[in-house]
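Trainee: I have a new model open and would like to learn how to read it. Could you take me through the features step by step?

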Amino acid sequence: MRSRRAGSAGDGVSVDEEAALLARVAAEERDAFEVLYRLYSPRLQRFVRGMIKQTALVEEILDDTMMVVWRKAYTFNHQSKVSTWIFAIAYRQSLKALKRLGAPEETDLDERTETSAPGPDDALQQQEVRKHLDDALHTLSPEQRAVMELTYYFGYACREIAQIMGCPVDTVKTRMFYARRKLKASLASRREAI
């Protein structure tokens, strides 16, 4: 799992450079928007994929998120990092998609499984571990999955997650507590089944 460097927004761009880029987007500079889109696309895809069980919707949610960024860039008030602001939009867009779906279908896990291990036994073991982890993560509520993704994959602190999710820090900590407990039980039961 990657963690963010202090003072860095991600992908080698500083927090200040990112804010300047968003200011250019607010001024409706298309080239700045393209740069921002390329900068955020991989991270947002990973985040949304972690929340949505239907991988076919990831691109749609990503596009919806970036459309909101394009239209609302002028509203960014510098009270948070640009990344926090954009992830908050992606989180809300993901929740809207989940509401539209009602009962989501199961994810095609093979689409997301990476098997780049050197040997076939290693690849199979890595694929099985990834499947068990994905299955366990999808037993969590969308809010709990978001907390886990934002913490362990993107390296956000509780305060930033609270800003993204629009809830108190204590709610983030509570969701993390219950998510860890549920994951531990789920993974333990899967290990026993093997």
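Predicted model: local features only at pLDDT ≥ 70, side-chain atom pairs only at ≥ 80, totals over all residues.

Trainee: What does the secondary structure of the protein chain come to?

Mentor: The protein chain has nine helices and two strands. Starting at the N terminus, the order of its elements is β-β-α-α-α-α-α-α-α-α-α.

Trainee: Are E28 and H78 buried or exposed?

Mentor: Buried means under 20% relative accessible area, exposed over 50%, and partly exposed in between (1.4 Å probe, protein chains only). E28 has a relative accessible area of 60%, so E28 is exposed. H78 comes out at 56%, so H78 is exposed.

Trainee: And why does S186 count as buried?

Mentor: S186 counts as buried because its relative accessible area is 11%. You'll find S186 in helix α9 (residues 169-193). Contact means heavy atoms within 4.5 Å. Not counting residues up to four places away in sequence, S186 touches A136 and T139. For the protein chain, buried residues make up 41% of the 194 residues.

Trainee: What share of the contacts with a separation of 6 or more comes from residues 24 or more positions apart?

Mentor: In the protein chain, such residues account for 69% of those contacts.

Trainee: How do I read a nonpolar core?

Mentor: In soluble globular proteins, nonpolar side chains tend to be buried together. A nonpolar core is a set of buried Ala, Val, Leu, Ile, Met, Phe, Trp, Tyr and Cys residues joined through side-chain atoms within 4.5 Å. The largest one here has 51 residues, of which L22, L36, F47 and F87 touch the most other members. Elements giving two or more residues to this core include α1 (15-26), α2 (30-51), α4 (82-101) and α7 (142-153). α4 provides the largest share of this core, 10 residues. As for L22, the residues it touches are L36, V69, A73, F76, V82 and W85, not counting residues up to four places away in sequence.

Trainee: Now helix pairs. How are two packed helices described?

Mentor: Two packed helices are described by the angle between their axes and the distance between the axes. Axes are lines fitted to C-alpha atoms, for helices over the stretch in contact, and angles run from 0 to 180 degrees between N-to-C directions. Angles under 35 degrees count as roughly parallel, over 145 as roughly antiparallel, 65 to 115 as roughly perpendicular and the rest as oblique.

Trainee: At what angle do α4 and α7 pack?

Mentor: α4 and α7 pack at about 150 degrees, with their axes 11 Å apart, and are therefore roughly antiparallel to each other. Their contact joins F87, Y91, L95 and L98 in α4 to P142, E143, A146 and L150 in α7. Ala, Val, Leu, Ile, Met, Phe, Trp, Tyr, Cys and Pro count as nonpolar, Asp, Glu, Lys and Arg as charged, and the others, Gly among them, as polar. The residues of this α4 and α7 contact divide into seven nonpolar, no polar and one charged.

Trainee: How about α1 and α2: at what angle do their axes cross?

Mentor: They cross at roughly 130 degrees, and the axes come within 8 Å. α1 and α2 are therefore oblique to each other. By class, the contact of α1 with α2 has nine nonpolar, no polar and four charged residues.

Trainee: Which way do α2 and α4 pack?

Mentor: Their angle is about 45 degrees, with the axes 10 Å apart, which makes α2 oblique to α4.

Definitions and conventions. Residues numbered from 1 in each chain as written. Heavy atoms only, no water. Helix = DSSP H or I, 4+ residues; strand = E, 2+ residues; numbered from the N terminus.
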